[in-house]
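Welcome! Have a look at the picture and the sequence, and then read on.

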Amino acid sequence: QETIAYYLGSRKRQVCVMQTGHLDAVMAQNNSVAAPTLFVDNMVRFLSLLQRACGTVIWIPSHAVIEDETTFPMANCRLQRWNDAIQSVLQTKRFRNVYTLDIWDRSLVTDHNGPTTVIGKVWAHLSRLFVAMALGQTP
């Protein structure tokens, strides 16, 4: 995380987009005692590093997964609670240049490529949105 923040900071990016990954969620879940704190603290730390390195940070919280204990041991209700906890910290600490782009509801009704990956057209749509915004167009 520090390496990424240093790299971005050395080039002072105007906008950085970060999506919370499911790997951290699985690793945190495997340590059940520290799970929520570990996950939330890690994400907030990364966002705070990006906040200093980028003019604006857009955080895309975890999206819904296909619940299947045999392929991906994570429940959507837990992911949503952790997303809410991170959002609460962001509001409490008043991160001045971090904005949330929540795709949770969309991911509930979107096809997935496997248990954790929403199909590419979701990301293509977001890419078009970012390009339109960069060009000063109304998305």
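Let's start at one helix: the face of α4 turned away from its buried side carries the exposed residues Q91 and T92. Here, buried means under 20% relative accessible area, exposed means over 50%, and partly exposed lies in between (1.4 Å probe, protein chains only). Helices (H or I, at least four residues) and strands (E, at least two) are DSSP runs, numbered from the N terminus. Please keep in mind that this is a predicted model, in which local features need pLDDT of at least 70 and side-chain atom pairs count only at pLDDT 80 or more, while totals for chains, interfaces and linings use all residues. Residues are numbered from 1 along each chain as its sequence is written, and side-chain values use heavy atoms, with hydrogens and water left out.

**The overall plan**

- The protein chain has six helices and three strands, arranged along the sequence in the pattern α-β-α-α-β-α-β-α-α.
- Of its 139 residues, 39% count as buried.
- Contact means heavy atoms within 4.5 Å. Among contacts in the protein chain between residues at least 6 apart in sequence, 73% join residues at least 24 apart.

**Helix α4**

- Helix α4 covers residues 76-92, and its 17 residues should span 24 Å at 1.5 Å a residue. The expected span is 1.5 Å times one less than the number of residues. The end C-alpha atoms of α4 are 24 Å apart, which agrees.
- The buried residues of α4 are N76, L79, Q80, W82, N83, I86 and L90. They cover an arc of only 165° around the axis, so they sit on the same side of α4. The arc is that of the directions from the helix axis to the C-beta atoms.
- C77 is partly exposed, with a relative accessible area of 49%.
- After α4 comes R94, whose phi is positive, near 55°.

**The strands**

- Two strands pair if DSSP finds at least two bridges between them. Strand β1 (residues 13-19) and β2 run parallel and are joined by six bridges; M18 stands opposite W59 in β2.
- Three bridges pair β2 with strand β3 (residues 98-100), again in the parallel sense. The bridge partner of V57 in β3 is V98.
- Strand β2 (residues 54-60) is mostly covered, with five of its seven residues buried.
- R13 lies in strand β1 and is partly exposed, with a relative accessible area of 32%. Leaving aside neighbours within four places in sequence, R13 is in contact with Y7, L8, A53, C54 and G55.
- R13 and V57 are 44 residues apart in sequence and 9.5 Å apart in space, C-alpha to C-alpha.

**The disulfide**

- How many disulfides does the structure hold? There is one disulfide, which joins C16 to C54 with an S to S distance of 1.9 Å. The pair links distant parts of the chain, with C16 in strand β1 and C54 in strand β2, 38 residues apart.
- A disulfide is counted when a pair of cysteine sulfur atoms lies within 2.5 Å.
- The torsion about the S-S bond of C16 and C54 is about -80°, so the disulfide is left-handed.
- Both C16 and C54 are buried.

**The nonpolar cores**

- A nonpolar core is a set of buried Ala, Val, Leu, Ile, Met, Phe, Trp, Tyr and Cys residues joined through side-chain atoms within 4.5 Å.
- The largest nonpolar core has 26 residues, and L47 and I86 have the most contacts inside it. At least two residues of this core come from each of α1 (2-10), β1, α3 (35-53), β2 and α4, and α3 gives the most, with nine residues.
- Setting aside neighbours within four places in sequence, I86 is in contact with F39, V40, M43, V44, L47 and W59.
- A second, separate core of five residues includes I60, I103, V118 and L126.

**Helix α6**

- The buried residues of α6 (residues 120-134) are V122, L126 and A132. They fall within an arc of 120° seen down the axis of α6, so they line one face of the helix.
- On the other side of α6, K121, R128 and A134 are exposed.
- What covers the buried residues of α6 includes β2.
- Just after α6, G136 takes a positive phi of about 75°.
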